[in-house]
Amino acid sequence: MEASAKVLDNSPISCSEISSSQIKSTEISTKQIKKAYSEHGYFVIRDYFNGAEISALREVILKFHQLWKKDNFDFYQEEAFNSSLITGSQYLAPDDRVKLFNFISSKKIMALVDKVIANKANFMNTQLFFNPVSSLQKDFWHRDCQYDHDLEAQKRIMHETQVVHFRVPLFDELGLELVPGSHKRWDNEEEFNVRQEEQGRESSEALSTGKKIHLAAGDLLVFSADMIHRGLYGKDRLAFDILVFDSAADYIDYVDDDCLPDAVMLDKIVNPRLFTNTIELKSTA
């Protein structure tokens with residue numbers, strides 16, 4: 001990416017919608033992206049990756065997905081909507097892992113990583129999001145931190161650490177629904193009752209504060225893991241997520257050693273900084 005993206009209009013939410021075809025200058029891009037992420041907790045760049053880049057990534061991811069589904073047949077049929085550890089050695093050959101590592105640490109990704117994480121970014125994990133087999137299974141509102149922390153801890157870590165999703169849809173899909181700005185504030189009454197399923201509410205209900213972000217193959221959605229959000233099931237949903245965290249965050253135990261490149265692979269990665277940061281952090285933990 002030569003750098004910056006022009007904001008499509010001046011409304012407070014849609015200023016997080018950016019078009020890569022309107023790139024003008026690095027300075028404008030940095031300012032706009034930092035402002036969008038800081039204020040709203042997300043931004044999306046349309047047509048960020050070309051057809052060849054998506055095709056090459058899709059080829060590797062589909063290898064993983066087919067083998068993972070076969071190996072986790074019952075789980076996939078009954079309830080699964082995502083998988084993880086895509087860069088690990090269980091399903092992919094070394095050459096395909098290197099292809100993924102090079103995509104994750106590519107100039108296009110790292111240019112944005114450096115804009116949203118000022119404090120030495122580290123690689124956490126990868127995830128793959130797909131449609132559940134059952135059409136009765138509903139998408140649900142959540143903050144990622146709710147699965148590891150109680151309510152008081154959730155309120156605290158929202159302001160102390162950063163975990164960021166870089167989502168790359170491999171096919172056109174319905175995308176994500178999120179609550180802009182919720183990465184910096186606690187739930188209002190409606191959001192809390194729905195997300196926590198209190199007062200007879202369900203986590204799959206609509207929120208009046210939600211904003212739908214439709215995604216197409218080639219787009220890139222960057223969003224805070226701490227914000228209220230949900231994936232939208234339907235169409236050909238297959239989204240590859242790269243999770244990155246800042247070095248001040250206490251998340252190094254979440255990093256699986258097998259999902260990091262070994263010494264031989266590091267020599268084949270054009271820009272291994274994201275991974276060497278993590279390897280260094282693990283060595284001092």
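I sorted the lining of the largest pocket by class and got 15 nonpolar, eight polar and seven charged residues. The model is predicted. I then looked up the volume of the largest pocket: about 590 Å³. The pocket has 30 lining residues, and those closest to its centre are Gln127, Asp144, Tyr147, His165 and Leu243. I checked which elements give two or more residues to this lining and found β5, β6 (163-169) and β10 (229-231). Strand β5 gives the most, with four residues.

Next I took the second largest pocket, which holds about 320 Å³. I found 16 lining residues, with Tyr37, Val116, Gln162, His183 and Lys184 closest to the centre. By class, this lining has four nonpolar, six polar and six charged residues. Helices α1 (26-40) and α5 each supply at least two residues. The largest share, three residues, comes from α1.

I followed up on α5, residues 107-116, and found seven of its ten residues buried. They are Lys108, Ile109, Met110, Leu112, Val113, Lys115 and Val116.

Last, I went back to β5 (residues 121-130) for asparagine 122. Is this side chain's residue, asparagine 122, buried or exposed? I noted a relative accessible area of 1% for asparagine 122, so this residue is buried. A polar atom of its side chain lies 2.9 Å from the backbone oxygen of lysine 120. I also listed residues that asparagine 122 touches beyond four places away in sequence, including Leu243, Phe245, Asp246, Asn277 and Leu281. Leu243 was also among the residues closest to the centre of the largest pocket.

Note on methods: Residues numbered from 1 in each chain as written. Predicted model: local features only at pLDDT ≥ 70, side-chain atom pairs only at ≥ 80, totals over all residues. Heavy atoms only, no water. Buried < 20%, exposed > 50% of the residue type's maximum accessible area, 1.4 Å probe, protein only. Polar contact = N/O pair within 3.5 Å; in protein donor to acceptor, adjacent residues only side chain to side chain. Contact = heavy atoms within 4.5 Å. 1 Å grid on protein atoms, 1.4 Å probe; cavity = no way out; pocket = protein on both sides within 12 Å on 5 of 7 lines; lining within 4 Å. Points joined across faces, edges and corners; volume = space filled by probe spheres on them. Nonpolar A, V, L, I, M, F, W, Y, C, P; charged D, E, K, R; others polar.
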